[in-house]
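Please look at the structure below before reading on.

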Amino acid sequence: MMSKIKLVVVDDDLTSRNTIKNYLMNEDSYEVVSDFSDGKSALDWLRKNDADILLCDMQMPELNGVELMRLVHLINEFMPVIAISGFDNFDYVRGSLINGAANYLLKHELTKEGLLNTLDQVRDKYRIVPGSYTSCRRTGYCIYDKKQFTGEQIRKLADRGEIAFECANTVPLALSPDYRLSEIVMPSEYKQGIVSAITDILAQILGQEIPYLVYVTQEYHLVILLSFYI
């Protein structure tokens, strides 16, 4: 039997969770392996189990969708998250994308066809292979370990197909945000948020046209390699 892409659904609305599960019942490509009414329970499960895509509501008590996304990406940096929203306000949707969502769904417009189309887009963008649990972006990749940011290691990633990156023609770009923080701000969380916003902007600007690699230093500065291949 062909492996399916494993999904986790988090929403405090039982009807919303059941709707998604019913739409995907008997689907050949996707299956909901677990669902939760709160983010904390989902985090506990994700620390011990594997999944390919997370779908989570943005408005939940105790732990909202944005907070859940940030914590999930500490467990699995490349876990694609589809934001589920009951609001169609563009600023609200844009906020979820800036904070790391791979795509979004609007509850009042949700159909089986729309759900499958969104899942297919995320699957293709992150090159998800069922059962492999090695999701990564097609044209963008982030490195946090200095030892991995070498020509040899980058070539190995490219040769293994973990990143779509041609090492022959590259252009480096360094970004050093001027972090001036007040005493009430937690520096690490603020800097991590800025880095996430910048990498999201890069993904939107470069799209699928220009492969890129981002190295994030311990001080949350960025070195970006753009790949221009013929």
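In this predicted model, the buried residues of helix H5 are covered by several elements, including strand S1 (5-10), helix H1 (14-24) and strand S2 (30-36). Strand S3 (53-57), strand S4 (81-85) and strand S5 (103-106) are also among the elements that cover them.

**Helix H5**

- Helix H5 takes in residues 112-126, which is 15 residues.
- The buried residues of H5 are Leu115, Leu116, Thr118, Leu119, Val122 and Tyr126.
- Seen down the axis of H5, these buried residues fall within an arc of 160°, so they line one face of the helix.
- As background, an α-helix has 3.6 residues a turn, so residues three or four places apart point the same way.
- Arg127 follows H5 and has a positive phi, near 50°.

**Aromatic pairs**

- A search of the whole structure finds two aromatic pairs.
- Phe36 counts as buried because its relative accessibility is 12%, and the cut-off for buried is under 20%.
- In the other pair, the ring centres of Phe149 and Tyr215 are 4.6 Å apart and the planes are at 15°, so this pair is stacked.
- Phe149 lies in the loop between strand S6 (140-143) and helix H6 (151-159), while Tyr215 lies in strand S8, so the pair ties together parts that are 66 residues apart in sequence.
- Phe149 counts as partly exposed because its relative accessibility is 21%.
- Tyr215, at 10% relative accessibility, counts as buried.

**Val216 in strand S8**

- Val216 is located in strand S8, which runs over residues 212-216.
- Because its relative accessibility is 0%, Val216 counts as buried.
- Val216 and Asp145 are 71 residues apart along the chain, and their C-alpha atoms are separated by 8.0 Å.

**The whole protein**

- The protein has seven helices and nine strands.
- Of its 230 residues, 39% count as buried.
- Among contacts with a separation of 6 or more, 63% are between residues 24 or more positions apart.
- The accessible surface of the protein comes to about 12,900 Å², and carbon and sulfur atoms account for 50% of that surface.

Key. Residues numbered from 1 in each chain as written. Predicted model: local features only at pLDDT ≥ 70, side-chain atom pairs only at ≥ 80, totals over all residues. Heavy atoms only, no water. Helix = DSSP H or I, 4+ residues; strand = E, 2+ residues; numbered from the N terminus. Buried < 20%, exposed > 50% of the residue type's maximum accessible area, 1.4 Å probe, protein only. Expected span 1.5 Å × (residues − 1). Arc of directions from axis to C-beta. Contact = heavy atoms within 4.5 Å. Phe/Tyr/Trp six-rings, centres within 6.5 Å; stacked < 30°, edge-to-face > 60°. Areas by Shrake-Rupley, 256 points an atom, 1.4 Å probe, with all protein chains shown as cover.
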